[in-house]
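These are my notes on a structure that I had not opened before. I set down what I looked up, entry by entry.

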Amino acid sequence: IKKINDLVYSYGRKALVAGTDYGLIESNDEGNSWAAITTTIPPNTLEITAVATHPKFGEVFWIASGNQLFRTDDEGITWTRIEVNTNRSIIFIRVNPNNSKIIYAGLAK
């Protein structure tokens with residue numbers, strides 16, 4: 001891993017979750033060791049550019065890779081692709097804490 005793009009705490013996984021140039025990884029020992037999280041994107045194939053967690057349900061979170069957005073409702077076991085109408089890379093994701101159906105995505109220039 002050469003680059004960490006985003007780092008969040010997942011209450012569902014009880015772990016730090018990082019989007020990196022290697023893929024999605026997690027640490028449950030305060031960053032002393034890291035392991036890959038299974039996603040629809042195999043490790044070391046595409047960069048994970050952003051990660052966000054649900055404000056109330058720890059098992060729900062989102063990841064971005066390039067201009068693609070994915071959501072899991074079961075702590076990363078299964079993933080659903082969300083259509084995003086852009087050619088630009090998603091560089092951060094934030095969830096509206098009052099309405100989790102509203103997702104904000106920051107895009108690269």
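**Entry 1: Thr49**

Which residues is Thr49 in contact with, leaving aside its neighbours within four places in sequence? I worked from a predicted model. I found Thr49 in contact with Asn5, Asp6, Ala64, Ser65, Gly66, Ile90 and Ile91, once those neighbours are left aside. I then looked up its place in the chain: Thr49 is in the loop between β4 (35-36) and β5 (50-53). Its relative accessibility is 13%, under the 20% limit, so Thr49 counts as buried. I also noted that the side chain of Thr49 reaches the backbone oxygen of Ile90 at 2.6 Å; Ile90 is also one of the contacts listed above.

**Entry 2: the chain as a whole**

I next turned to the secondary structure. I counted zero helices and 10 strands, and along the sequence the pattern reads β-β-β-β-β-β-β-β-β-β. The radius of gyration is 13 Å, close to the 13 Å from the globule rule for 109 residues, so the chain is as compact as a globular protein of that length. Along the principal axes, the C-alpha atoms fill a box of roughly 35 × 30 × 20 Å.

I looked up burial as well: 37% of the 109 residues are buried. Of the contacts between residues at least 6 apart in sequence, 32% join residues at least 24 apart. For charge, I recorded 11 positive and 11 negative side chains, with the centres of the two sets 9 Å apart.

**Entry 3: Thr72**

Is Thr72 buried or exposed? I found a relative accessibility of 0% for Thr72, so this residue counts as buried. Thr72 is placed in strand β7, which covers residues 68-72. Beyond four places in sequence, Thr72 is in contact with Glu59, Val60, Phe61, Ile77, Thr78 and Trp79.

**Entry 4: two positive phi angles**

I checked backbone angles next. Most residues other than glycine have a negative phi. I noted that Glu30, although not a glycine, has a positive phi of about 60°. Glu30 is in the loop between β3 (24-27) and β4. With a relative accessible area of 76%, Glu30 is exposed.

Glu75 also has a positive phi, near 65°, and is a residue other than glycine. I located Glu75 in the loop between β7 (68-72) and β8 (80-82). Its relative accessible area is 30%, so Glu75 is partly exposed.

How far apart in space are the C-alpha atoms of Lys3 and Asp21? I read 5.5 Å for this pair, at a separation of 18 residues in sequence. Lys3 is in the segment before β1 (4-10) and is partly exposed, with a relative accessible area of 46%. Not counting residues up to four places away, Lys3 touches Gly19, Thr20, Asp21 and Glu47.

I then looked up Val84, in the loop between β8 and β9 (90-95). Val84 and Gln68 are 16 residues apart in sequence, and their C-alpha atoms are 6.5 Å apart in space. Val84 touches Asn67, Leu69 and Ile90, not counting residues up to four places away. Its relative accessible area of 23% makes Val84 partly exposed.

**Entry 5: Ile103**

Where is Ile103 placed? I found Ile103 in strand β10, which covers residues 103-107. Its relative accessible area is 27%, and Ile103 is therefore partly exposed. Leaving aside neighbours within four places, Ile103 is in contact with Trp62, Ile93, Arg94 and Val95. I also looked up Ile103 against Pro42: the two are 61 residues apart along the chain, with 24 Å between their C-alpha atoms.

Key
Residues are numbered from 1 along each chain as its sequence is written. This is a predicted model: local features need pLDDT of at least 70, side-chain atom pairs count only at pLDDT 80 or more; totals for chains, interfaces and linings use all residues. Side-chain values use heavy atoms; hydrogens and water are left out. Helices (H or I, at least four residues) and strands (E, at least two) are DSSP runs, numbered from the N terminus. The radius of gyration is taken over C-alpha atoms; the globule rule is 2.2 Å times the number of residues to the power 0.38. Buried means under 20% relative accessible area, exposed over 50%, partly exposed in between (1.4 Å probe, protein chains only). Contact means heavy atoms within 4.5 Å. Lys and Arg count as positive and Asp and Glu as negative; His and the chain ends are not counted. The place of a charge is taken as NZ of Lys, CZ of Arg, CG of Asp or CD of Glu. A polar contact is a pair of N or O atoms within 3.5 Å; within protein, one must be able to donate a hydrogen and the other to accept it, and residues adjacent in sequence count only if both atoms are side-chain atoms.
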